[in-house]
Each structure stands twice: as structure tokens, then as C-alpha cells.
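Here is my note on the model, point by point. Please read it with the structure open.

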Amino acid sequence: MPASAAAARPRQASSVSSVLLRFGRVASMGTVTALILIAGVWASWGTAQHVLLTKGREQGTVEVTRCGGGTCSGPYSPVSAGSQARERVVLEDSVAVTKGRTYSVVLKPGSADAVRSGPAGVLYAWVPLGGALLLASVVVAGGLRRTRAGWVMAGAGVALLTAAFVAV
């Protein structure tokens, strides 16, 4: 066997193992990125579906009169046809809700739970996705070594969170 053929075998083995390691890194980091983004959409969709798909849902306003125990409540005044006034509906107590203010809301079907509507409600509903974009950007930039894509994802996450903060 010629000396050059014997020297080529270790290089081939090294080349194959580096390709396999690279594929494993890309596959695992791609899976982690996809799971983070899916979790962000899943967490956001629970609220966003009520705000975005308003056809056939009860829409109105709530004047917040009481807050405590993680919720705020107040009387509901209908705006949409077929909606009925209620003495008390419940909003999640967050930075987006303040006692004494009136908010436009959409009621969750079959309950007295309300979700903020309008631009502020839409942006606030997608806040978990903004956080997921920020987290996934680190994985994309570091694990996948795609720094531009990581910066774009981070920028989108920061823009979403900032817009929600300003709108609320």
C-alpha cells in the first residue's frame, strides 16, 4: 500500500466525523430553536385567539372597579350586537390593567373572563412570543452560528416587547 493512501485514511475519518458532529449540532440546535418558538406561539395563542378572531364574540368595555388576587373586575358594557351587559367580568391583573380605567375587551366564550382588545390587547397577547424570539436568537446565533439571523430574531423580539410596553 502506498504511503499516500495510508495517510489519506485518517483524514477521511476525521472529515466524516466532523461532518457528523456538524450535522448533530445543527439538528439539535435547530430542534431547540423550533421548540422555543413553538412554545412562544402556544403561550401567546391562548389569549391572542380571542383578540384576533373576534367574529361572533361578545365585545364591549369594562370599567375596572376592583383589583386583587391576580385579577381585576368591573361592570361590562356591550358594544357588539347580541352581547349582554354584565355586572362583573374578570380581567387578568397585570401591568396592562389599572383600577379606575375603562378598557375595550372581548369576552371568552361561555365565561365571564375578558381579554383586552384593540392594538394594546393584540400586542400584549403576543408578549410570550417576543420573549421566545429573544431566547431563540441566542440559540441561533451561538448554537447554529447564524449571527445575522440571531440579530434579526432578537430585533423582532425587542420590537414586539417595546411596542407592547408602549401600547399598554
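1. Terms and basis. Helices (H or I, at least four residues) and strands (E, at least two) are DSSP runs, numbered from the N terminus. This is a predicted model, in which local features need pLDDT of at least 70, side-chain atom pairs count only at pLDDT 80 or more, and totals for chains, interfaces and linings use all residues. Residues are numbered from 1 along each chain as its sequence is written, and side-chain values use heavy atoms, with hydrogens and water left out.

2. Annotated spans. UniProt, in an unreviewed entry, gives the feature "transmembrane region" at residues 26-45, 123-142 and 149-167. UniProt positions are in the numbering used here, feature names are shortened, and annotations may be inferred rather than shown by experiment. Residues 26-45 are 100% helix and 0% strand in the model, with end C-alpha atoms 28 Å apart. Residues 123-142 are 95% helix and 0% strand. Their end C-alpha atoms also lie 28 Å apart.

3. Element order. The protein has four helices and six strands. Starting at the N terminus, the order is α-β-β-β-β-β-β-α-α-α.

4. Overall dimensions. The C-alpha trace spans about 90 × 30 × 25 Å along its principal axes. The radius of gyration is 25 Å, whereas a compact globule of 168 residues would be near 15 Å. That radius is taken over C-alpha atoms, and the globule rule is 2.2 Å times the number of residues to the power 0.38.

5. Surface and burial. The accessible surface is about 10,200 Å², and 64% of it belongs to carbon and sulfur atoms. Areas come from the Shrake-Rupley method with a 1.4 Å probe; for residues, only the protein chains shown count as cover. Of the 168 residues, 30% count as buried. Buried means under 20% relative accessible area, exposed over 50%, and partly exposed in between (1.4 Å probe, protein chains only).

6. Contacts along the chain. Take contacts between residues at least 6 apart in sequence: 54% of them join residues at least 24 apart. Contact means heavy atoms within 4.5 Å.

7. Helix H4. Is Gly157 buried or exposed? Gly157 is buried, at 0% relative accessible area, and lies in helix H4 (residues 147-167). Neighbours within four places in sequence aside, Gly157 contacts Gly130, Leu133 and Leu134. Ala132 is 25 residues from Gly157 in sequence, yet the two C-alpha atoms are 7.6 Å apart.

8. The salt bridge. How many salt bridges does the structure hold? The structure holds one. The side chains of Glu58 and Arg86 form it, at 3.1 Å, N to O. Glu58 sits in the loop between H1 and E1 and Arg86 in strand E4 (residues 86-92), so the pair ties together parts 28 residues apart in sequence. The criterion is a side-chain nitrogen of Lys or Arg within 4 Å of a carboxyl oxygen of Asp or Glu. Glu58 is partly exposed, at 24% relative accessible area. Arg86 is partly exposed as well, at 26%.

9. A nonpolar patch. Val41, Trp45, Leu52 and Leu53 make a nonpolar surface patch of about 340 Å². Patches are made of residues with over 30% relative accessible area and no salt bridge: like charges are joined within 9 Å, nonpolar side chains (Val, Leu, Ile, Met, Phe, Trp, Tyr) within 5 Å. Leu53 falls in the loop between helix H1 (3-52) and strand E1 (59-63). Leu53 is partly exposed, at 45% relative accessibility.

10. Backbone at Arg145. Check this residue by eye. Arg145 is not a glycine, although its phi is positive, about 60 degrees. Arg145 lies in the loop between helix H3 (127-143) and H4. Arg145 is exposed, with 56% relative accessible area.

11. Arg101 and its partners. Arg101 is in the loop between E4 and strand E5 (102-107). Arg101 is partly exposed, at 44%. Beyond four places in sequence, Arg101 touches Val62, Glu63 and Val64. Val64 is 37 residues away from Arg101 in sequence but 5.8 Å away in space, C-alpha to C-alpha.

12. Cys67. Strand E2 (residues 66-68) holds Cys67. Cys67 is partly exposed, at 32% relative accessibility. Outside four places in sequence, Cys67 is in contact with Cys72, Asp93 and Lys99. Cys67 and Ser94 are 27 residues apart in sequence and 9.8 Å apart, C-alpha to C-alpha.
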